[in-house]
Number of protein chains: 2
Amino acid sequence: METPKNPFPIDFRIREGLSRIAMALRVDEWKKAKDVGLNPTQLAILALLEGRKDGLNVKEIAAHLGVSQPTATDSIAALEKKQRLEKRAEQGDRRAVRVYLTPMGLAALQPDTGDSLAEQAVGSLDKLEQQQLLLTLIKMIRHLQESDAIPVQRMCVTCRYFAPFAHPDAGQPHHCHFVNAAFGQRELRVDCRDHEEADPTSRAATWEAFQAG
Amino acid sequence: METPKNPFPIDFRIREGLSRIAMALRVDEWKKAKDVGLNPTQLAILALLEGRKDGLNVKEIAAHLGVSQPTATDSIAALEKKQRLEKRAEQGDRRAVRVYLTPMGLAALQPDTGDSLAEQAVGSLDKLEQQQLLLTLIKMIRHLQESDAIPVQRMCVTCRYFAPFAHPDAGQPHHCHFVNAAFGQRELRVDCRDHEEADPTSRAATWEAFQAG
DNA sequence: CAATAAATATAGGATTCCTATGTTTATTGC
DNA sequence: GCAATAAACATAGGAATCCTATATTTATTG
């Protein structure tokens, strides 16, 4: 090992850093949520549901949020009371429930004020650093996904429409078969509502090609 | 501008990524906190207090956590009841209160199990990426500090003991005058309990030298 | 010395969040 | 086919977070 007995290894300090930034961003989230009469957790659930034609069930929402199932039930009930989402019976499993955004729920997601701390903090980085940060976050998220620590996110790198380095153009090397257009590293999505999960084999191959490029 | 009218600018997507990772890390935090009979917020307050000989007052704790002052009062009261911290009168201001860790509070901070999701996620990055990520996070945090969005953190780059690029050795270019030792980019601290805040002018000069190096 | 400001505390209320457990419906194994 | 087990969700109970608004006490200012 490189630094034996270091009481503060780099993963520990990176976690500290992430934690500080997360605390700061909570302020943004409250502001944004309060504007539509919600709180950050509720708004996060609505964002999760946006674009999911098949909705999500309670367990999935809990997993995405990293909370227990009863906690998810609580927040879903609060949102249902506010008519921001609705529950429908799952086809073929009468124990289960599927949760969908209502038009009112979708409306809560519309306003995007800008002028946030996130924007400010990311804006203080140069373009290359921004791109590297995005890639690094994607890498970390993907790793957590593949080790089943978190559910699959709607990222390009797990999407069946994503073709990494399909073009010789270094500026826009990637291709999205959904919108049928080329795009660059800086444009990679973290939560795309057009995402369709590729099968594991295909995902692995895509990631391979993405890393190699 | 480079990508006009892009509905998902890179700062937005980076924030999404940070948010996903933060959700995942909450699970770690609960596990760690539960082991000592606390919750993540309470443990965060104790961590904040560690090594602060002058303690912190309620307002400062609220600012660090990104919550309102009454919320900080709540959590402080919960910790006080559990004898993890104590409040003492502020010298010279009888309105104010200073909060200090008790020996029991310090004990709660000791156990460090390892094997966390953070460790796993950061471990999936190569060394260079880890270092870049740490530097990028430090840069973002510093920017939020300097624009008064968050309180000054106990990072090397704002510490009066920190001498950036004081040594020709590319592996360990920095020097800490507190422990009187050289150290490398990978060893930069995010929350050092020996931190002493440098004055703004000096901080700016240090940052300048750090960036130039 | 009155007016204003600052640091906390209190009040009130919605919600989050946990664990433990109950209810209903699926699935499995014999 | 049917009991045993498992899975999905709801409920119960309780501690704590978290907000806004307001009160209290003490500092500071004009």
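What share of the contacts in chain A with a separation of 6 or more comes from residues 24 or more positions apart? Such residues account for 53% of these contacts, where a contact means heavy atoms within 4.5 Å.

## Basis of the report

This is a predicted model, in which local features need pLDDT of at least 70 and side-chain atom pairs count only at pLDDT 80 or more, while totals for chains, interfaces and linings use all residues. Residues are numbered from 1 along each chain as its sequence is written, chains are lettered from A and ligands numbered from 1 in the order in which they are written, and side-chain values use heavy atoms, with hydrogens and water left out.

## Overall build of chain A

Chain A contains eight helices and five strands. Both kinds of element are DSSP runs numbered from the N terminus (helices: H or I, at least four residues; strands: E, at least two).

Along the principal axes, the C-alpha atoms of chain A fill a box of roughly 50 × 40 × 35 Å. Of its 213 residues, 48% count as buried. Buried denotes under 20% relative accessible area, exposed over 50%, and partly exposed the range in between (1.4 Å probe, protein chains only).

## Strand pairing

Strands of a sheet pair through backbone hydrogen bonds, in either a parallel or an antiparallel arrangement. Here two strands are taken to pair if DSSP finds at least two bridges between them. In chain A, strand β1 (residues 85-89) and β2(A) pair in the antiparallel sense over five bridges, with A:Glu86 opposite A:Tyr100 in β2(A). Strand β2 (residues 97-101) of chain A is mostly covered, as four of its five residues are buried.

Chain A also has an open sheet of three strands in the order β3-β4-β5, with antiparallel pairing. Its β3 (162-163) and β5 (181-183) stand at the edges with a single partner strand each, so one side of each lacks a neighbour in the sheet. β3(A) and strand β4 (residues 174-176) of chain A are joined in the antiparallel sense by two bridges, and A:Ala163 stands opposite A:His175 in β4(A). Chain B has an open sheet of three strands, ordered β3-β4-β5 and paired antiparallel. Strand β4 (residues 174-176) of chain B pairs with β5(B) over three bridges, and B:Ala182 in β5(B) is the bridge partner of B:His175.

A:Phe165 lies in the loop between β3 and β4 of chain A. Most residues other than glycine have a negative phi. The phi of A:Phe165 is near 50°, a positive value in a residue other than glycine. With a relative accessible area of 31%, A:Phe165 is partly exposed.

In chain B, B:Phe165 is placed in the loop between β3 and β4. Its phi is near 50°, which is positive in a residue other than glycine, and B:Phe165 is partly exposed at a relative accessible area of 31%.

## Aromatic pairs and charges over rings

Over all chains, the whole structure holds twelve aromatic pairs. Rings of Phe, Tyr and Trp (its six-membered ring) pair if their centres lie within 6.5 Å; planes under 30 degrees apart count as stacked, over 60 as edge-to-face and the rest as tilted. The ring centres of A:Phe8 and A:Phe12 are 5.5 Å apart and their planes stand at 50°, so this pair is tilted. Both A:Phe8 and A:Phe12 are buried. One aromatic cluster is formed by A:Phe162, A:Phe165, A:Phe183, A:Trp207 and A:Phe210.

A charge sits over a ring if NZ of Lys or CZ of Arg is within 6 Å of the ring centre and within 35 degrees of the ring normal. B:Arg189 lies over the face of A:Phe8, 4.1 Å from the ring centre. Within chain B, the charged end of B:Arg88 sits over the ring of B:Tyr100, at 3.8 Å from its centre.

## Helix packing between the chains

Helix α7 (residues 127-146) of chain A packs against helix α7 (residues 127-146) of chain B at an angle of about 120°, with the axes 10 Å apart. Axes are lines fitted to C-alpha atoms, for helices over the stretch in contact, and angles run from 0 to 180 degrees between N-to-C directions.

Residues of α7(A) that meet α7(B) include A:Leu133, A:Thr136 and A:Met140. Among the residues they meet in α7(B) are B:Leu133, B:Thr136 and B:Met140.
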